[in-house]
Amino acid sequence: MPASPTNDLPFARLARREAKRLCKAARSDTLTEALPALRRLRAAGQFDKHPLSALHRQRDRVQLKHCLSAVARESGFDDWPAVLTHHGTTLPAAAMGWQLRAADLPYPNRWFSSHAEAQAWQAENGGRLVPYGAQAVVLVDVPAG
């Protein structure tokens, strides 16, 4: 069996896993799973000419290649091949959001409605601040890094 091109690239491996999650969610029959995933695809420039309702009816057309491209764009890359050439040790900010969605985070964690509130709390109490859209979470048991 040939080796996957993502084997030696931790970010590419993580991004591919997220793309598979996104694809599964986008194809889901459950609205609460499908609609957020389809919105992410549209925000990344995939299917942006289709109304969300039409896209939901045709969600079986969503392929892994669409999700790989969307995940690449969310991460600040132009396309999926650019992700495969990324050899940096620092993960793009989007990757932390994927990890948060995928993780079963232990408590205590502190959620804030803005990054500024989270930064102020973190400065006083420590922990690691993780942006999540317009909100932020401070992972209390994780050293700041």
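## Strands β2 and β3

In this predicted model, strands β2 and β3 run antiparallel and are joined by five bridges. Strand β3 covers residues 135-139. To find one of these bridges in the structure, look for Pro131, whose bridge partner in β3 is Ala136.

## The whole sheet

Now step back to see where this pair belongs. Three strands make up an open sheet with antiparallel pairing, and their order across it is β1-β3-β2. At the edges lie β1, residues 109-112, and β2, residues 128-132, each of which pairs on one side only. On average, neighbouring strands in the sheet are turned by 20° against each other, direction ignored.

A helix joins the picture here: α7, made of residues 115-125, packs on the sheet and touches β1, β2 and β3. The direction of α7 makes about 175° with that of β2.

## Helices α1 and α4

Elsewhere in the chain, two helices are worth a visit. Two packed helices are described by the angle between their axes and the distance between the axes. Helix α1 spans residues 10-26 and helix α4 spans residues 64-74; they pack at an angle of about 125°, with their axes 8 Å apart. Because angles from 65 to 115 degrees count as roughly perpendicular and those over 145 as roughly antiparallel, α1 is oblique to α4. Their crossing is right-handed.

Which residues meet where α1 and α4 touch? From α1 come Ala15, Arg16, Glu18, Ala19, Lys20, Leu22 and Cys23, and from α4 come Leu64, Cys67, Leu68, Ala70 and Val71. Nine residues of this contact are nonpolar, three are charged and none is polar.

Conventions. Residues are numbered from 1 along each chain as its sequence is written. This is a predicted model: local features need pLDDT of at least 70, side-chain atom pairs count only at pLDDT 80 or more; totals for chains, interfaces and linings use all residues. Side-chain values use heavy atoms; hydrogens and water are left out. Two strands pair if DSSP finds at least two bridges between them. Helices (H or I, at least four residues) and strands (E, at least two) are DSSP runs, numbered from the N terminus. Axes are lines fitted to C-alpha atoms, for helices over the stretch in contact, and angles run from 0 to 180 degrees between N-to-C directions. Contact means heavy atoms within 4.5 Å. Angles under 35 degrees count as roughly parallel, over 145 as roughly antiparallel, 65 to 115 as roughly perpendicular and the rest as oblique. A crossing is left-handed if the near helix is turned anticlockwise from the far one by less than a right angle, and right-handed if clockwise. Ala, Val, Leu, Ile, Met, Phe, Trp, Tyr, Cys and Pro count as nonpolar, Asp, Glu, Lys and Arg as charged, and the others, Gly among them, as polar.
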